[in-house]
Amino acid sequence: MKTDKRKKGERVEADAVAATAGTAREPLSRRDYDKALKELHVELVKLQEWVLYKGLKVCIVFEGRDGAGKGGTIKALTDRVSPRVFRVVALPAPSEREKSQMYIQRYLGHLPAAGEVVIFDRSWYNRAGVERVMGFCTDEQLRGFLDTVSPVERAIVKSGVILLKFWLEVGPEEQTRRLKDRIEDGRKLWKLSPMDLKSYGRWDDYTRARDDMFKASDSEWAPWLAVHSDDKRRARLNIIHHILGSIDYRMPPREKIVLPRRKAPRSNPEGERAMRFIAEPF
């Protein structure tokens, strides 16, 4: 594998420029973001109904550095659709049994069946990223993964799965700001793991890992889709817009929904007294 021979400062600066190249505009206001997201949510519901109607199989992979915005994007994507159709997969560290299996084996069982959209919050690309950088795999295991991942994805696509792979590109300054925010905001402490802290100082290692991963797995059948994510709101909207544009869908035919007549309710004071209502401090 070729190594990046630029000096450390040059690599970090180049990554910062790349991450912000598409975000020179003013940050999107909350009002404009909510308006655009509402319209996209309506379209996502139509896509959901079409996936069910046609029995489509959709797999969406999200990768990126810590703090790149994967979790927020997935939340925006799934906020108004059914969790029975849009299923999020975020696997924990492998068990001892899983470590003895073929590496990609534990991911294959989570691929979508007909009528499902499966979203991987990190995926089999852990091997090319965090496992490589943090020393959790050998060089031989890494080479084996990079040599085989593209043919495996070709087989997945040939089986009828629509595979979309997103890489969220965040700059070093914005990543630092977001990780500091996790430390200071009690609502976000759970997002900061010991692994995040250990990997924070290895920016260059992750850059090399990303570049090698792209070189090995950016294919015609499963290309990497890079997203500027320093502006989280724009990134979320752009990703959802791209997903909608990648799948030919329409609202399937359905009968007009009319609420049936309800019988007049009868008073039931005994039933009301039997209920245990909680305190109402708000």
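Predicted model: local features only at pLDDT ≥ 70, side-chain atom pairs only at ≥ 80, totals over all residues.
Residues are numbered from 1 along each chain as its sequence is written, and side-chain values use heavy atoms, with hydrogens and water left out. Local features need pLDDT of at least 70 and side-chain atom pairs count only at pLDDT 80 or more, while totals for chains, interfaces and linings use all residues.

Strands of a sheet pair through backbone hydrogen bonds, either parallel or antiparallel. In this model an open sheet of 5 strands has the order β2-β3-β1-β4-β5, with parallel pairing. Its edge strands are β2 (86-89) and β5, each of which pairs on one side only. Direction ignored, neighbouring strands of the sheet are turned by 25° against each other on average. Strands (E, at least two residues) and helices (H or I, at least four) are DSSP runs numbered from the N terminus, and two strands pair if DSSP finds at least two bridges between them. Strand β1 (residues 57-64) pairs with β3 in the parallel sense over 6 bridges; Lys57 has Glu116 in β3 as its bridge partner.

Helix α2 (residues 30-54) packs on the sheet and touches β1, β2 and β3, its direction making about 95° with that of β2. Helix α3 (residues 70-78) lies across β1, β2, β3 and β4 (161-169) and runs at about 155° to β1. Contact here means heavy atoms within 4.5 Å. Axes are lines fitted to C-alpha atoms, for helices over the stretch in contact, and angles run from 0 to 180 degrees between N-to-C directions.

The structure holds 12 aromatic pairs. Rings of Phe, Tyr and Trp (its six-membered ring) pair if their centres lie within 6.5 Å; planes under 30 degrees apart count as stacked, over 60 as edge-to-face and the rest as tilted. The ring centres of Tyr107 and Trp124 are 6.1 Å apart and the planes stand at 80°, so this pair is edge-to-face. Tyr107 belongs to helix α5 (residues 105-108), and Trp124 lies 17 residues away in the loop between β3 (116-121) and α6 (130-133). Tyr107 is buried (under 20% relative accessible area; exposed is over 50%, partly exposed in between, with a 1.4 Å probe and protein chains only), its value being 3%. Trp124 is also buried, at 1%.

Tyr125 lies in the loop between β3 and α6 and Trp224 in strand β5 (residues 224-228), so the pair ties together parts that are 99 residues apart in sequence. Tyr125 is buried at 1%, and Trp224 is buried at 9%.

A search of the whole structure finds 21 salt bridges, defined as a side-chain nitrogen of Lys or Arg within 4 Å of a carboxyl oxygen of Asp or Glu. One of them joins Arg127 and Glu131 at 2.9 Å, N to O; Arg127 is buried at 12%, as is Glu131 at 12%. Another joins Arg177 and Glu174 at 2.8 Å. These residues are 3 apart in helix α8 (residues 172-184), and are therefore separated by about one helical turn. Arg177 is partly exposed at 44%, whereas Glu174 is buried at 14%. Glu63, Asp66 and Arg122 are linked in a network of salt bridges.
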